Amino acid sequence: MSMKTYSRLELSMTPAVARITLSRPEVRNAFDDRLIGELVEAVEEVRKSHEDAPDGGPRALVLTGAGQTFCAGADMNWMRRSATYSRDENEADAMRMAAMLRALDELPIPTIARVNGASLGGGMGLLACCDIAVAVDTAQFGFTEARLGIAPAVISAFVIPKIGASAARRYFLTAEIFDATVARAMGLVHEVVPAGDLDKAVERFAALLRGNGPRAVSAAKMLIREALARPRKDTIDNAVRVIAALRASPEGQEGLGAFLEKRPPSWKL
């Protein structure tokens, strides 16, 4: 279990799965500066546990919300406070949000969003930073910022690679609410299930991830991110270096040996 106590989220860790639950159900798990700070700390705690023991730390992170909502975006009281900020204070505030999203996006273990209800505004950034997303069939989604005279700015760097320019050009501008079927069609979520099947679907993905080499999964995640950012030749050169290192690594050797010997690899939990 986590050693640190959080006031706006809950963090638990087992050798198989770490779990972060946004825990502000009274405001539909909305963000404020304190929740953003706690998310940075919790994600760092998970990352450190992985780095300290790659073979014994959590093999996946599940992110979810308490109650009936995943995350309803920005807390109105925090938004009200930010209206009094100077431009520099607003930039610092946005930079903290960006740093939190980047920490989640670049976490070296795979992440599963357990979307138990509405995901709106900044919550869509959290969702886009997760590798795999499972949503209940009643969940509603929306990039609702334009209704408040602002834009989905900070989250856009993470959302647009996920959903593509066409979906962004519609849904960023209309700020309309859409359902889980539409979210799946744009690649924002991967599976839509009845509420009673949500945990079963999350566990199925966690089990798949536990069957794979932890370093291989980290490398695959990094390769995807790098491929979006690098020129083509650099992407190829980087991929060649990564696969050569993986093949020669103890994990790669164990994986090949297990396959040839028809036995489970040592890392399979």
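A pocket, on a 1 Å grid over the protein atoms alone, is an open set of points where a 1.4 Å probe fits, with protein on both sides within 12 Å along at least five of seven lines; lining residues have an atom within 4 Å of a point. A volume is the space filled by probe spheres set on the points, which are joined across faces, edges and corners.

The model is predicted: local features need pLDDT of at least 70, and side-chain atom pairs pLDDT 80 or more, while totals for chains, interfaces and linings use all residues. Residues are numbered from 1 along each chain as its sequence is written, and side-chain values use heavy atoms, without hydrogens and water.

Start with Ala74, Trp78, Met79, Glu145 and Ile150, which lie nearest the centre of the largest pocket, among its 30 lining residues. This pocket holds about 840 Å³ of space. Next select α2 (76-82), α3 (87-105) and α5, the elements that give two or more residues each to the lining. Helices (H or I, at least four residues) and strands (E, at least two) are DSSP runs, numbered from the N terminus.

Now show the open sheet: six strands in the order β1-β2-β3-β5-β7-β10, with mixed pairing. Its edges are β1 (9-13) and β10 (191-193); each has a single partner strand, so one side of each is left without a neighbour in the sheet. Two strands pair if DSSP finds at least two bridges between them.

Zoom in on β5 (residues 111-115) and β7 (residues 132-136), which pair in the parallel sense over four bridges. Select Ala113 and its bridge partner in β7, Ala133.

Finish at Leu148, in the loop between β8 (140-142) and α5 (153-174).
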